[in-house]
Each structure stands twice: as C-alpha cells, then as structure tokens.
Amino acid sequence: MKICVYAICKNEEANVDAWVDSMSEADEIYVLDTGSNDNTVAKLLSKGVNVKSEIINPWRFDVARNKSLELVPPDTDLYVCTDLDERFAKGWRKVLESNYSKEYTRVKYTYNWSFDENGRPATVFYLNKIHNKNYTWTHPVHEVLTALKDEKEIVIDKIILNHYQDYQKSRSNYLPLLELSVKEDPEDDRNVHYLGREYMYYKMHDKCIETLHRHLKLKKATWKDERAASMRYIARSYLELGYEEEAYLWYALAIKEAPYLREAYVEMAYLLYGINKYDEAIENLDKALEIKNKSKSYINENYAWDYHVYDLYAICAYYLNKKDIAKQYNEIAISMNPNDERLINNQLFFDQNAMND
C-alpha cells in the first residue's frame, strides 16, 4: 500500500523533528504551511517533507485541511491526517498494514489526547483520521471528515497516536468559528454542543445554558454521552451563576441520561460536598466507583478516573468521622498521585487524628 501523511501547520518549529520522525514510516509526508514566521518551513524541507505555503483568508480549518489533502498524490491508498503536536507510537505502519484491507474506507485508532502529571494517558478516546480518497473535510472548526460514498470503518486499537498540546497557543478563533459553523448548519448537533461548551469556557454562562438547551432539543442529538455532557455543562454554568438547586437538578438529569458514565456522579459529589452533604456525596462516589470500564469517547474527563475521586471520598469520610475509611481512600489517592504534597499532608493529618482518638 501507498500510505501518505498530510497536515496543516503554523509556527511549529519546535515540533518538526519529533513529528517527522514519528511520521517517517509513511511513504511520503505533505504539509500545508498557513503562514509560519519562524523556521518551520525550512526545517520541514530539510527533512524531506513536501511543503506548500498558503494563507487561508478568511481562516477555516476545513478549507485548510482540504487544501493539504489536495497535496497528496491521487494514487495513495491511505491518507493519514495528523497535527505536528502529535506522535504515533513506533511500528504504527506495520500494525496498520497487518489489519487493514481495502474493503474498509476508514480506520479508527487509540488517541491519547492528554497525559496526567505522572505522564500516564489521561483523556483517551478513538480518533479516525486515517482514510481512503473518498472523503472531504467539513465545518470551519472542529472539522470532520465527511464520506463522499458509503463508508466502512475498522477499529485498530494497537495504533496509538499521542497528543502533546501546547497550552500557550491561543484558541481565540474557536468561538467565532463555532458561531459561524452553527450559523451555517444550525441543525448540526455536534457543533451546537461544542458552541455551548465554548461559551462555558469563556464564562458566558447564560449563553452556554441557552445554547445547550437548544442542543438537547435537536432531533439529531441522540447520543446519550454527549447529551449528558451538555446537561453537566448546564449544571456547571448554573453553579457559576450561584444557582445550586438548578445545578443539582441538571446533574441528576445527566445521571439519568447516562448512568453508565462516571462524570456526572463525581461532579454531583463535588456539589454536595460544597454544601456539606457528605453522606450524599459518598453515595454518588460509590456509584461512580461501581463503573469500572472507561469508554473510549472524548466525553471522558480525567478527574472521574484519577485520584480526585478517592481524594474527595477521603475528605467526606473524615467529616463524617469515618477516619479509617478516610485514611484508606487517601492512601489510594496517594498511590495514584504520589508526589502531591496536599495528599501526603492529609494522610499525616488523618494518622495524627486517629492516634488522638
């Protein structure tokens, strides 16, 4: 098979070496540079990458992606879209060739979107940006591959792509592009959800609530995981606005919508902890911990699967005078995050209190 990587970039000089090394298992690499003013283009060219420079004005991610896709020769069998802050685990091509056949149009694989402070994968979900020629990119932001013909997808878990995001980079253009995307296609449930979430990030809580109410009413908004996330974001916004009762009701709705997800139970527990309802908080944490399997969906949030659950459990148990349980759960939290000074100090505090009883 002929396998080609394609990407868009701007001012990614620091990522070039590691990215090209990771992508070098492909036959060829193509990059559309959209206006770098650092050494990105020169470095890419020096490493044998095929580069074209073009300013996209007005900026849209789908236009840029499609122009980068056009750079790839038409005799390519599989097109692999990545960004320069991403790295494949070594051997990805061999795994791809061993599992893929031409009856499939698209490949879904493991994506480690973020890592915790100890370097372990945190937010993990499936990504599907390996495809044949029968696709185009749509939407100005949070762009997606749209099939031009019938599609058939294969899941290859052993292909792993790691994401190392530069949190210093601005995402200020996301909000206006999301507003444009929803204006262009007001019935697109995915981007209405993303727009509401973006309003929450910007602390535009009234707009967040209004937009996510609209998301939940859309006919296409049937994926329970995403619906539950919209309900959680509505609850968060109500909390920020000082309406605890409304937040409680929306967390309860999120739990009812997707009782198999941990996130709403954990956020509800934090709300209850904040109003000193420690018994009820623990009840929700118990329900969260009964859920053992973390699905590979972008909806997953790391706080529901890392030490935070055990940390909060320990604190609530302490306030209920269940000191042995507090010690037990704090020990688990420390085992998951061994360098956290607050957790270590909490354990010393719990030990001292137990000695004084």
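**Cavity, helix face and cysteines**

Mentor: Helices α8 (224-240) and α10 (263-274) each contribute at least two residues to the lining of the largest cavity; helices are DSSP runs of H or I, at least four residues, numbered from the N terminus. This is a predicted model, in which local features need pLDDT of at least 70 and side-chain atom pairs pLDDT 80 or more, whereas totals for chains, interfaces and linings use all residues. Residues are numbered from 1 along each chain as its sequence is written, and side-chain values use heavy atoms, without hydrogens and water.

Trainee: Which residues line the largest cavity?

Mentor: On a 1 Å grid over the protein atoms alone, a cavity is a set of points where a 1.4 Å probe fits but cannot get out, and lining residues have an atom within 4 Å of a point. The lining here consists of Ala228, Arg232, Ala254, Ala258, Leu261, Glu263, Ala264 and Ile299. The volume of this cavity is about 40 Å³.

Trainee: Which residues of helix α4 are buried?

Mentor: An α-helix has 3.6 residues a turn, so residues three or four places apart point the same way. In α4 (residues 92-99), Trp92, Arg93 and Leu96 are buried (under 20% relative accessible area; exposed is over 50%, with a 1.4 Å probe and protein chains only). These buried residues line one face, because they fall within an arc of 95° seen down the axis of α4, the arc being that of directions from the helix axis to the C-beta atoms. Exposed Lys94 and Ser98 lie on the face turned away from the buried side of α4.

Trainee: How many disulfides are there?

Mentor: A disulfide is a pair of cysteine sulfur atoms within 2.5 Å, and the count is zero. The sulfur of Cys4 is too far for a bond because the closest cysteine sulfur, in Cys81, is 13 Å away.

Key. On a 1 Å grid over the protein atoms alone, a cavity is a set of points where a 1.4 Å probe fits but cannot get out, and a pocket is an open set with protein on both sides within 12 Å along at least five of seven lines; lining residues have an atom within 4 Å of a point. Grid points are joined across faces, edges and corners, and a volume is the space filled by probe spheres set on the points.
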